[in-house]
Amino acid sequence: MDTMSNAVARRVALAAQGFADPRPEVATRRHLRRVLSRVQLIQLDSVNVAVRAHYAPLFSRLGAYDQALIDEAAWSHSARKPRMLVETWAHEASLIPVEDWPLLRSGAKRAGWWRHYARLVDESPSLVEDILAVVKEQGPIGAGAIEREVVGESRRRQGPWWDRSEVKKVCEWLFGMGQLTTGTRRSFERLYDLTERVVPPEVLARRVGPEEGARELVARSAAALGVATETDLRDYYRLGPEVMKQAVGELVESGVLEPVRVREWRPQAYRFAGARMPRKVVGRALLCPFDPLVWERARTERLFGFTYRIEIYVPEPKRVYGYYVFPFLLDGELVARVDLKADREAGVLRVQGAFAEPDVDEVHVAGELMAELRLMAEWLSLDGVAVGERGDLAPVLRRV
């Protein structure tokens with residue numbers, strides 16, 4: 001069994017996530033496809049304090065790209081530019097390559113929180129029929145419009161008077177089960193459509209069993225992570241432990257995964273057979289809280305010695321670093337973190353807190369960080385950067 005240091009494992013992980021690739025001068029659909037071949041999926045989240053979560057990982061890897069690139073790939077379709085991405089539950093609610101749809105429907109992945117609505121579905125089968133009929137006739141359509149149609153129709157025909165919240169719950173259940181997906185979005189509102197009108201028929205026709213699905217998803221996790229523990233591999237797509245062990249064993253046997261020992265890690269590690277091992281990783285990037293490089297907090301701490309938690313749901317007086325904190329990656333290390341807010345009314349990117357990691361050159365870090373903050377501000381069509389008072393790095397950043 002090969003042995004590697006944590007420093008080598010870190011470089012393997014960064015290369016797997018696309019941070020060893022140079023940023024293009026102008027990002028195109030080809031560059032988007034390359035990033036997707038690295039990260040495999042892009043998490044969605046409704047928080048819009050600085051920038052929506054699905055735009056940020058591409059900025060981290062491509063620089064100031066046109067956000068229409070991902071909008072067109074995910075929520076529009078034409079003969080010239082076929083849809084590249086589709087929404088489903090993966091890590092969380094995520095955009096995945098269209099061709100991966102059968103893998104997430106294979107039964108390898110555990111059902112999400114929406115499974116608790118199955119009882120409502122069993123008790124109200126006609127509600128499912130009503131919702132599907134409305135979407136078929138009017139989709140893509142938002143949950144509020146579906147509610148108005150379904151509730152109004154049930155009253156007109158003197159049938160059950162569905163509660164609006166019940167309609168929304170069943171929409172989420174149908175989304176989770178794959179019968180509905182997102183046809184498009186309007187100001188980030190999900191507009192549901194029938195999956196058969198979004199996913200190509202040849203993709204829908206592919207049938208994948210749980211064991212094959214687990215192998216394929218674990219292989220994608222391994223490609224995205226480079227080197228990982230079994231827990232890391234399972235978390236990427238939130239797979240069940242019952243399918244994990246068999247999939248890992250089969251992938252080791254087939255040579256897709258190679259067992260390795262990382263000196264500073266306690267658990268067994270596995271390296272993706274195609275993983276790159278660069279001598280060094282250079283460059284800088286701001287990472288949003290939902291970036292796949294840092295979303296698994298135990299892995300982030302193991303790889304980088306960087307303790308990171310999302311404090312959105314922590315009461316403000318108890319927050320340590322801030323509401324929406326971006327770790328700052330510089331030359332292969334996480335060296336600082338900044339609490340960011342896009343103040344669109346004032347036209348500035350606000351650094352509400354800036355904090356350096358121990359033993360870093362604060363002047364050098366501040367200079368590189370400010371350059372990336374200015375790039376982000378320009379990308380978000382803001383006029384500049386405003387640095388607040390909080391944090392040990394803030395005074396140095398203000399001088400820069």
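User: In what order do the three strands of the open sheet come?
Analyst: This is a predicted model: local features need pLDDT of at least 70, side-chain atom pairs count only at pLDDT 80 or more, and totals for chains, interfaces and linings use all residues. Numbering starts from 1 along each chain as its sequence is written, and side-chain values use heavy atoms, with hydrogens and water left out. Strands (E, at least two residues) and helices (H or I, at least four) are DSSP runs numbered from the N terminus, and two strands pair if DSSP finds at least two bridges between them. β2 (42-43) and β3 (85-89) are the edge strands, each pairing on one side only, and with antiparallel pairing the order is β2-β4-β3.

User: Which residue in β4 is the bridge partner of E87?
Analyst: β3 and β4 (residues 93-97) pair in the antiparallel sense over five bridges. For E87, the partner in β4 is L95.

User: What angle does helix α4 make with β3?
Analyst: Helix α4 (residues 68-75) packs on the sheet and touches β2, β3 and β4; contact here means heavy atoms within 4.5 Å. Axes are lines fitted to C-alpha atoms, for helices over the stretch in contact, and angles run from 0 to 180 degrees between N-to-C directions. Against the direction of β3, that of α4 makes about 70°.

User: Is helix α1 parallel or oblique to α14?
Analyst: N6, A9, R10, A13 and L14 in α1 meet R299, R302, L303 and F304 in α14. The axes of α1 (residues 6-16) and α14 (residues 297-304) come within 9 Å and cross at roughly 125°. Under 35 degrees is roughly parallel, over 145 roughly antiparallel, 65 to 115 roughly perpendicular, and the rest oblique, so α1 versus α14 is oblique.

User: Is R10 buried or exposed?
Analyst: R10 sits in helix α1, and beyond its neighbours within four places in sequence it contacts L303, F304, G332 and E333. Buried means under 20% relative accessible area, exposed over 50%, partly exposed in between (1.4 Å probe, protein chains only). At 12% relative accessibility, R10 is therefore buried.
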